[in-house]
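Here's a protein model to walk through together. Keep the picture open while you read, and look up each residue as it comes up.

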Amino acid sequence: MGSDDSLFAKTVEELINAKNPLILTGAGISRESGIPVFRGKEGLWNSHRAEDLATLNAFQKNSELVWEWYNWRKKIVLANQPNRAHHALVKIQSLLKSLPVITQNVDGYHSDAGTKNLIEMHGNIFRTKCMDCSNVSWLRTHESSKPLCDKCRGLLRPDVVWFGEMLDHQVMSEIEKLMKKCDLIVVIGTSGVVYPAAGFAGRVFGKGGSVIEINIEPSIDYAISIEGAAGEVLLSLLQLLESRLDSK
Ligand code: BV8
Ligand code: ZN
């Protein structure tokens, strides 16, 4: 068994034996769908800085620019679809008693792929919130640059969590409940830069839980690191898990 095989076998054992495993995903899991990631070489934000666009202050200063950026991203998401990583994760979920998924992504691909027990902690790029009456609605199109509220004609914003904004308290309490009992977190395709998500692995490790990282450039030094693309790795883990559970 090569080192990779034993790493995969170990990961499958951890998934089977964990009482409360948890998945955290970032932009890397959507990379194979053609959605640009945020940081790194071809990072989404190289041409723009996150602080220029993903903040309330930026939106209040120039809502056209921020909507232009989100519409550009919505167009890419609408032109593509969930990839084999999202689908493999749904199948892995169905083989285990419970496997909640927390995603930082706002593309909605996990829910499109049929992921159960999903928390979109940073919101969803297709949901909007009214700046005046806070009415939340869905906007699957990407053309109108400054969408207005059906109810009060107020300006709509993307219903996502911007830098400097608190996460939705309902979302945070759901996450806290999961984190309290989590004994295994599998971190897939995130650079671990953005908090509070970036702190989850350390919290699980700190209370004696296991951390597995799946990334083309792993960066969590105390994790069991599987270096590779999410799609490839998750498909291999799925196959191994299926044969392991068949033999059980
Ligand atoms: C908050 C939504 C309370 C919008 C986003 C400490 C504690 C608390 C807060 C902070 C703190 N320190 C700093 C802060 C403030 C800030 C923060 O974390 N700043 C960072 C930059 C230091 N956090 C906040 O403001 C948060 N709010 O904590 O509220 C508070 C409030 C005020 C003051 C203090 C506390 C809110 C953060 C949410 C921001 N919103 N997105 C939108 O998407 O437009 S963040 C944005 O980054 C996306 O959601 C994205 O998901 C997220 C993380 O990026 P990644 O997913 O990791 O993507 P990235 O490109 O970075 O990495 C891709 C990875 O994939 C790489 O590792 C790559 O190697 C890998 N990869 C590539 N291809 C593949 C692959 N892996 C596998 N397979 C492949 N094929
Ligand atoms: Zn309104």
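Leu24 stands opposite Val187 in β7, and on the β2 side the bridge partner of Leu24 is Ile102. This is a predicted model, so local features need pLDDT of at least 70 and side-chain atom pairs count only at pLDDT 80 or more, while totals for chains, interfaces and linings use all residues; side-chain values use heavy atoms, with hydrogens and water left out. Residues are numbered from 1 along each chain as its sequence is written, and chains are lettered from A and ligands numbered from 1 in the order in which they are written.

Let's stay with β1 for a moment. Five bridges join β1 to strand β7 (residues 184-188), and the two run parallel. β1 also pairs with β2 in the parallel sense, over three bridges. Two strands count as paired if DSSP finds at least two bridges between them; strands (E, at least two residues) and helices (H or I, at least four) are DSSP runs, numbered from the N terminus.

Is β1 covered or open? Five of its five residues are buried, so call β1 mostly covered. Buried means under 20% relative accessible area, exposed means over 50%, and partly exposed lies in between (1.4 Å probe, protein chains only). On one side sit Pro21, Ile23 and Thr25, on the other Leu22 and Leu24, and all are buried.

Now for the metal. Which residues coordinate the zinc ion (ligand 2)? Cys130, Cys133, Cys149 and Cys152 do, each through its SG atom, at 2.2 to 2.4 Å. Donors are N, O and S atoms within 2.8 Å of the metal (3.2 Å for Na, K and Ca), and water is not among the atoms, so sites may look incomplete. Along the chain, the donors of this zinc ion follow the spacing C-x2-C-x15-C-x2-C. Cys130 in strand β4 (residues 123-130) and Cys149 in the loop between β5 (136-138) and β6 (156-160) link distant parts of the chain, 19 residues apart. Cys130 is buried at 3% relative accessibility, and Cys149 is buried at 1%.

Next come the salt bridges: the structure holds eight. The term means a side-chain nitrogen of Lys or Arg within 4 Å of a carboxyl oxygen of Asp or Glu. Here are some of them:

| Pair | Closest N and O atoms |
|---|---|
| Arg244 and Glu13 | 2.5 Å |
| Arg84 and Glu32 | 2.9 Å |
| Glu176 and Arg203 | 2.7 Å |

Arg244 lies in helix α9 (residues 230-246) and Glu13 in helix α1 (residues 3-17), so this pair ties together parts that are 231 residues apart in sequence. Arg244 is partly exposed, with a relative accessible area of 26%, and Glu13 is partly exposed at 27%.

Glu176 belongs to helix α7 (residues 169-181) and Arg203 to helix α8 (residues 200-206), so their bridge ties together parts 27 residues apart in sequence. Glu176 counts as partly exposed at 24% relative accessibility, and Arg203 does at 38%. Elsewhere, salt bridges that share partners join Arg127, Lys129 and Asp159 into one network.

Finally, how confident is the predictor? The tool here is pLDDT, its confidence in each residue, from 0 to 100. The protein averages a pLDDT of 93, and 94% of the residues score at least 70. Among the elements, α2 has the lowest mean pLDDT (75), while strand β2 (residues 101-103) has the highest (99).

Conventions. pLDDT = per-residue confidence, 0-100.
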